[in-house]
Amino acid sequence: MAKPSVRDRIVDAALDRFHTLGFSACSVQDIVDTAGVPKGSFYNYFKAKELLALEVLSIYGKDCNRQILSDTGLPPIDRLRGHFEFMAAYYAEFGYEKGCLIANLAAEMSDNTPLLRQAIGQSLEKWTADVAATLHEGQLDGSIVPTLDAEKMARFLINSWEGAVVRMKIVRCRQPLEDFFAVAFPLLLTRPTAP
């Protein structure tokens, strides 16, 4: 296995440090110390911490198992559940302490980080579109309530999930995520009609 490049070590360290400390509290020195590289190496690859955060955000989005949402080998409702369960398992690995990097970064946004704000918005739009497409497929096959507005429900699910994750981070347990599953998923399912 090839040794990670200096750039990859910086990106990996930033992912860890941003997720653990937050964007504002994390210094370039924190990142290079974690990466085990000289501080000058950072500036060989990134002109600013915000530009590094853009790359970290892109990697994090790919690591959230969004590809399951387009796996037509699974029923749409199972894809949705599997996607959110994957993230819940990821948070469990950290003892529910770190939360969602997207939400953490979004909470810190300011006018000083316009590129990051735009990237977070685009990430949320893409996530919403993927969830909405899955909901729409479930509506077509009759497993998800056909009268729901798929785009609005997708935004609701993501907003509710992110709120549950913030609370999870505060209480450091899975209960807020269990509340999400217990409330959100029954709203989606079609009910069999009485004979």
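## About the model

Because this is a predicted model, local features need pLDDT of at least 70 and side-chain atom pairs count only at pLDDT 80 or more, while totals for chains, interfaces and linings use all residues. Residues are numbered from 1 along each chain as its sequence is written, and side-chain values use heavy atoms, with hydrogens and water left out.

## The largest pocket

Let's start with the open space. The largest pocket holds about 300 Å³. Here a pocket is an open set of points on a 1 Å grid over the protein atoms alone, where a 1.4 Å probe fits, with protein on both sides within 12 Å along at least five of seven lines. Grid points are joined across faces, edges and corners, and the volume is the space filled by probe spheres set on the points.

Which residues lie nearest the centre of the largest pocket? They are Gly 61, Lys 62, Arg 66, Ser 123 and Lys 126, out of 18 lining residues (a lining residue has an atom within 4 Å of a point). Helix H4 (49–62) and helix H7 (114–141) are the elements that give two or more residues to this lining, and H7 supplies the largest share, with eight residues. Helices are DSSP runs of H or I, at least four residues long, numbered from the N terminus. By class, the lining has five nonpolar, seven polar and six charged residues. Ala, Val, Leu, Ile, Met, Phe, Trp, Tyr, Cys and Pro count as nonpolar, Asp, Glu, Lys and Arg as charged, and the others, Gly among them, as polar.

## Aromatic rings

The whole structure contains 16 aromatic pairs (rings of Phe, Tyr and Trp, its six-membered ring, with centres within 6.5 Å). One aromatic cluster brings together Tyr 60, Phe 84, Tyr 90, Tyr 91, Phe 94, Trp 127, Trp 161, Phe 180, Phe 181 and Phe 185.

Phe 185 also has the charged end of Arg 81 over its ring, 5.4 Å from the centre. Elsewhere, the charged end of Lys 49 sits over the ring of Phe 23, at 4.4 Å from its centre. To count, NZ of Lys or CZ of Arg must be within 6 Å of the ring centre and within 35 degrees of the ring normal.

## Salt bridges

There are nine salt bridges in the structure, each a side-chain nitrogen of Lys or Arg within 4 Å of a carboxyl oxygen of Asp or Glu. Glu 85 and Arg 174 form one of them (2.8 Å, N to O). This pair links distant parts of the chain, 89 residues apart: Glu 85 is in helix H5 (residues 76–93), and Arg 174 is in the loop between helix H8 (150–171) and helix H9 (175–188). Arg 174 also meets Glu 178 in a salt bridge (2.3 Å, N to O). Together, Arg 81, Glu 85, Arg 174 and Glu 178 are linked in a network of salt bridges.

Another salt bridge joins Glu 97 and Arg 172, whose closest N and O atoms are 3.4 Å apart. Glu 97 sits in the loop between H5 and helix H6 (101–107), and Arg 172 in the loop between H8 and H9, 75 residues apart.

## Two positive phi angles

Most residues other than glycine have a negative phi. Tyr 96, in the loop between H5 and H6, has a positive phi near 60°. Arg 172 has a positive phi of about 55°.

Note on methods:
Phe/Tyr/Trp six-rings, centres within 6.5 Å; stacked < 30°, edge-to-face > 60°.
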